[in-house]
Every structure is written in C-alpha cells, then in structure tokens.
Amino acid sequence: MAVAVAKGRRERGLGSERTREALVGYGFVALPMAFFLLFFIFPVGYAFYISRYDWQIFKGPFVGWDNYRTLYHDSVFWSHAVRNTLVYTAFVVPLQMALGLTLAVVVNQSIRFRTFFRAAFYFPSLAASAAIASIATYILASDGLFNVILRHLGYHHTNAWFSQQSTALPSIIGLNAWTTSGTMMLFYLAALQAIPVDVYEAAAIDGAGAWRTFWKVTFPLLKPGHFFVATLMVIGALKLFDQSYIVSGGTGGPNYSTLSGVLYLDRVAFTDVRFGYADDVGVAMYLLIFTLPLVQRLLFGCF
C-alpha cells in the first residue's frame, strides 16, 4: 500500500514537473510567435482585406474583385514592372552565384593574406545599398569615372548609364551582383568547408585534375548550397526597390526601364494614393515571390 502511494506521488510530481517545463517552453516561444503573428501574418491578411476596397486615405467603398480585374488589364504592371523584375532576377541571380562561388573557391585555398581577401571581398556587402547606388550615379554619369576609363580604352560612351533605356537595368544588375557577391562568398565558403576531405583524396588518387575535381566532385556536392543561395537571391531580386528608386528618382524611368514590381507598388500607394489597388499589386508580388521558390525546390529535386 505504501509503495503504491509513493509511486502515485512520484507520478504526480513527474507530471507537474513536465507541465512546468512545457509551460516554460511555451512562455519562451509565446513572445516570438505573437510578434510573428502581429507583424507578419496579420499584415498579409489585412492586405487581402484592403485589396477589395477603394481604399485611399481612409476606408472607401467596397469594390469586390474590381481592383483585381483592373490589375489583370494593367499593361504598365505586367509589361514593364513584372517583366523588368523577372529579367532582372533571371540575370542577376546566376551572376551573383557565379561571382560568389568563384570568390569562395579562391579564398578557400591556402594562399597568403587569405583573411584579408575574405574581408576585402565581403566589405561591399556591409555598405548600405542606397549609399552604393547614390555613389554609382556619379561614377556612371556622362562625365563620370567609368566613361573616362572607357574613353582611355578607345570606347566613347558619352551618356549616363542610368539615363538610357538600354543600359539602365543592366547597370543595376551589374551593381547589385558586385554588391552581394561577398555575402554569396560566405555562404559558398561554408558549404565548401563542409565537404569531406576524403572525396578530394579519392579524386587525386584517380588522377583527376583541378578542373575535373571541381566539376565532378565539388560542384555536385554543393547542391544544398546552390539551392540555399538561389532561393535567397531570387527572393531578394524580386523585391528590388531601393536601387531602381534612387537611379530613376522614383519614376522607374527612363521609359519604365527600371520600374520594378515593388517600385510600382510604391508609386500607386504614395503617389496616386490608391492603397486598395496598391494592395492588389502587393498580393500579386507576394504570390510571385511565394511561387518561384517552390519552382526552385522542384528544379533542385528537394521534394
């Protein structure tokens, strides 16, 4: 009888201890979850709610799906904003990955001043993109440093690179690829150092050269790193805003050549003061940003 009572007390004590541990755990996650729900999930739901109203400064009349119908026929959004965003993403992401992987392979070797080169390559990523874009407008001006160098090389380019329709978006692509290459280098460097040394020893025994070892051993084993970097960069590229805003003065010019989806949302919301329609633009961009990483998962075989 005494044994049964003692056993029951231990079970009740154990149960209460587990309850206290569970409550402590829930207490630790309660604040982050509340923050996530309040500042991430609620705004998404509220955006869907606003998108069905003719919302300006204050709540306007209910218009149902009219805003979405207008967006469906909005040639500026689809032909310029979305097109520019997809073109920018298609070119800048492979360029970022190639530069980042190249730098990572270089600084992963046993070279002198390796720590210095790692810090130097990463340094542009520490600067604010808005500050870099502002400086780039002077470097790529008609009489800027870049055109001066081109003239000395025998190529005469007299116009500002951000002021021409044919060169504005490519200039942003090159600028952002250079700016983010240091961050991509760190990601790839971590993935390179996670590869076992045994596979390189086996490749050396088989007589594989440097290029064959990289292409047949290193590159395939970096598949998780490729997926992580590509997903991160695609999401960032689809949210292009600050560079296109600065170089065009917020207009997306010249001739819509630097107009991105997020910049178009900003113009509709704060220039045209059409918050309901701007929410429709935001919903469309959200669905685009949500869908493309899923396509990437399928392409990388992660399902």
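I started with Arg 274, whose charged end sits over the ring of Tyr 277, 4.4 Å from the ring centre. A charge counts as over a ring if NZ of Lys or CZ of Arg is within 6 Å of the ring centre and within 35 degrees of the ring normal. I then looked up Arg 52: its charged end sits over the ring of Trp 65, 4.2 Å from the centre.

**What I am reading.** This is a predicted model, in which local features need pLDDT of at least 70 and side-chain atom pairs count only at pLDDT 80 or more, while totals for chains, interfaces and linings use all residues. Residues are numbered from 1 along each chain as its sequence is written, and side-chain values use heavy atoms, with hydrogens and water left out.

**Confidence.** I checked pLDDT, the predictor's confidence in each residue, from 0 to 100. The chain has a mean of 87, and 94% of its residues reach 70 or more. Where is confidence lowest in the chain? I found the lowest mean, 77, in helix α1 (residues 2-50). Helix α3 (residues 75-107) has the highest, at 94. Helices here are DSSP runs (H or I, at least four residues), numbered from the N terminus. I keep one caution in mind: where pLDDT is low, the predicted coordinates should not be read in detail.

**Aromatic pairs.** I noted 24 aromatic pairs in a search of the whole structure. One of them joins Tyr 46 and Trp 55, edge-to-face, with 6.2 Å centre to centre and 75° between the planes. For the terms: rings of Phe, Tyr and Trp (its six-membered ring) pair if their centres lie within 6.5 Å; planes under 30 degrees apart are stacked, over 60 edge-to-face, the rest tilted. I looked up how open the two partners are. Tyr 46 counts as partly exposed because its relative accessibility is 36%. Trp 55, at 14%, counts as buried. Phe 270 is exposed, with a relative accessible area of 58%, and Phe 275 is partly exposed, at 24%. The cut-offs: buried is under 20% relative accessible area, exposed over 50%, partly exposed in between (1.4 Å probe, protein chains only).

I also followed the ring pairs onward from Tyr 46. They link Phe 42, Tyr 46, Tyr 49, Tyr 53, Trp 55 and Phe 62 into a cluster.

**Helix α5.** Next I turned to helix α5 (residues 129-139), where Ile 132, Ala 133 and Ala 136 are buried. Why do the buried residues line one face of the helix? Seen down the axis of α5, they fall within an arc of 100°, so they share one face. The arc is that of the directions from the helix axis to the C-beta atoms. On the other side of α5 I found Ile 135 and Tyr 138 exposed. The buried residues of α5 pack against α4 (114-126), α7 and α11 (242-248).

**Thr 179.** Is Thr 179 buried or exposed? Thr 179 is buried, because its relative accessibility is 9%. Its side chain reaches the backbone oxygen of Leu 175 at 2.7 Å. Leaving aside neighbours within four places in sequence, Thr 179 is in contact with Pro 124, Ser 125 and Ile 132. Contact means heavy atoms within 4.5 Å.

**Tyr 245.** I then moved to helix α11, which holds Tyr 245. Tyr 245 is partly exposed, at 36% relative accessible area. Apart from neighbours within four places in sequence, Tyr 245 is in contact with Gly 250, Leu 263 and Asp 266. I also checked its separation from Tyr 155: 90 residues in sequence and 29 Å in space, C-alpha to C-alpha.

I ended in the loop between α11 and α12 (261-271), where Pro 254 is found. A cis peptide bond joins Gly 253 and Pro 254, with omega about 0°. Asn 255 belongs to this loop as well. Its phi is positive, about 55°, although Asn 255 is not a glycine. Asn 255 is exposed, with 52% relative accessible area. Tyr 256 lies in the loop too. Phi of Tyr 256 is near 65°, again positive in a residue other than glycine. Tyr 256 is partly exposed, at 30%.

Technical notes
Polar contact = N/O pair within 3.5 Å; in protein donor to acceptor, adjacent residues only side chain to side chain. Helix = DSSP H or I, 4+ residues; strand = E, 2+ residues; numbered from the N terminus.
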